[in-house]
Amino acid sequence: MKQTLSQVFNMAISGLGSHSISLFFYVVFATLLHKAQGQNLVTNNVSVVEGETAIISCRVKNNDDSVIQLLNPNRQTIYFRDVRPLKDSRFQLVNFSDNELLVSLSNVSLSDEGRYVCQLYTDPPQEAYADITVLVPPGNPILESREEIVSEGNETEITCTAMGSKPASTIKWMKGDQPLQGEATIEELYDRMFTVTSRLRLTVSKEDDGVAVICIIDHPAVKDFQAQKYLEVQYKPEVQIVVEFPEGLTREGENLELTCKAKGKPQPHQINWLKVDDDFPSHAVITGTDLFIENLNKSFNGTYRCVASNLVGEAYDDYILYVYDSRADGAPQKIDHAVIGGIVAVFVFAMLCLLIVLGRYFARHKGTYFTHEAKGADDAADADTAIINAEGGHNNSDDKKEYYI
């Protein structure tokens with residue numbers, strides 16, 4: 001537009017000789033150019049969920065009474081100023097002024113998707129484009145599992161399907177509060193519609209029994225769209241032997257009562273008592289899960305085992321019976337043979353070292369002694385003097401002594 005007005009301006013002043021006339025035309029065309037450049041037509045893209053209402057806005061900055069109109073993707077006029085030539089009552093005028101044309105489109109369908117045109121009648125006309133995107137939410141997620149009941153240690157597969165959405169949905173998985181990764185496949189349908197299926201494979205344990213597996217659908221048209229399934233896991237029994245009586249030591253002449261507690265899924269259908277590597281006491285009584293032995297004696301010592309089984313497998317727990325004397329008043333002290341062996345070894349080593357030292361000492365001083373007969377010999381100047389000094393020692397024979405070391 002700027003180029004067109006400039007060309008006209010140059011043509012006008014080229015044919016004028018008068019300076020004042022040229023100045024007049026300059027002011028006129030400069031004013032028109034400023035008005036054309038000052039008008040600014042804007043709009044926005046719109047995303048709307050199918051069946052809801054879209055708002056289309058045409059806004060003009062510094063409008064000089066130019067006409068605003070709205071066209072559909074087929075360039076048919078929806079509104080010319082505040083008049084609706086198009087016979088589609090879903091289009092309604094929300095607001096009209098010199099600076100804005102605001103139109104609503106209710107009950108939007110996929111056929112309404114496309115590029116709408118805001119047009120401002122200037123020279124040349126200005127246009128701005130608003131793209132309407134119709135979002136189609138998926139149907140309720142369909143959650144299916146390969147088997148309803150799974151045994152611990154086995155793998156199961158769960159599928160989640162989000163049907164008929166636009167754009168394609170994203171599927172996420174959670175097991176409790178733990179995120180999991182599935183494998184998704186996308187199938188394109190008609191009118192850019194999509195069906196998404198995600199498959200989740202996981203190996204279950206007994207801790208997974210009753211835990212929720214959640215399929216979460218992520219789509220711009222919906223929020224918090226999910227489905228969940230609670231895992232049902234079968235597992236072999238957990239077995240525990242509980243001493244009901246006595247509370248302390250098991251003494252001769254007393255009674256013993258044990259209870260076998262077993263829990264599994266399904267519940268154990270069989271619970272058996274046995275004595276490991278030995279025959280059961282003849283007068284032991286088994287009542288359901290309880291074992292009762294009266295008048296204990298040391299011949300009953302051994303390992304008693306409770307075995308529980310169900311459809312998944314079997315498990316057991318052991319109780320070691322040790323019968324004490326009737327006068328025992330405390331728990332037996334465990335003898336650590338390794339510690340005792342270490343102490344004995346140290347003692348033997350010390351005795352050997354002592355014997356070696358004493359042997360070397362006596363060997364070094366064997367036969368060495370002193371008598372009073374040699375007294376003074378060390379101080380003598382020669383051998384004769386030493387003998388005289390030694391002989392002098394014989395004058396007092398009562399004092400003669402010998403010392404052995």
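In this briefing a residue counts as buried when its relative accessible area is under 20%, as exposed when that area is over 50%, and as partly exposed in between, with a 1.4 Å probe and protein chains only. By that scale phenylalanine 80, at 33% relative accessibility, counts as partly exposed. The structure is a predicted model, in which local features need pLDDT of at least 70 and side-chain atom pairs count only at pLDDT 80 or more, while totals for chains, interfaces and linings use all residues. Residues are numbered from 1 along each chain as its sequence is written, and side-chain values use heavy atoms, with hydrogens and water left out. Strands (E, at least two residues) and helices (H or I, at least four residues) are DSSP runs numbered from the N terminus, and two strands pair if DSSP finds at least two bridges between them.

**The sheet S21-S24-S25**

- Three strands, in the order S21-S24-S25, form an open sheet whose pairing is antiparallel.
- Its edge strands are S21 (270–275) and S25 (314–321), each of which pairs on one side only.
- Neighbouring strands of this sheet are turned by 20 degrees against each other on average, direction ignored; the axes behind such angles are lines fitted to C-alpha atoms, and angles run from 0 to 180 degrees between N-to-C directions.
- Strand S24 (residues 302–309) is joined to S25 by eight bridges, the two running antiparallel, and threonine 303 has isoleucine 320 in S25 as its bridge partner.

- Strand S15 (residues 183–188) is hardly covered, since the count of buried residues among its six residues is zero.
- Six bridges tie S15 to strand S16 (residues 194–203), which runs antiparallel to S15, and glutamate 183 stands opposite arginine 199 in S16.
- The two strands form a hairpin with five residues between them, and aspartate 191 in the turn has a positive phi of about 50 degrees.

**Backbone features in loops**

- Most residues other than glycine have a negative phi, and most peptide bonds are trans.
- Arginine 81, a residue other than glycine, has a positive phi near 55 degrees; arginine 81 is placed in the loop between strand S5 (77–80) and strand S6 (91–97) and is partly exposed, with a relative accessible area of 30%.
- Asparagine 295 is likewise not a glycine and has a positive phi of about 50 degrees; asparagine 295 belongs to the loop between strand S23 (290–293) and S24, and at 48% relative accessibility it counts as partly exposed.
- The peptide bond from lysine 166 to proline 167 is cis, with omega near -5 degrees, and proline 167 is found in the loop between strand S12 (155–165) and strand S13 (170–175).
- Lysine 265 and proline 266 are also joined by a cis peptide bond, with omega about 0 degrees, and proline 266 lies in the loop between strand S20 (256–265) and S21.

- Aspartate 123 is found in the loop between strand S8 (114–120) and strand S9 (126–135) and is exposed, with a relative accessible area of 57%.
- The C-alpha atoms of aspartate 123 and serine 66 are separated by 9.9 Å, although the two residues are 57 residues apart along the chain.
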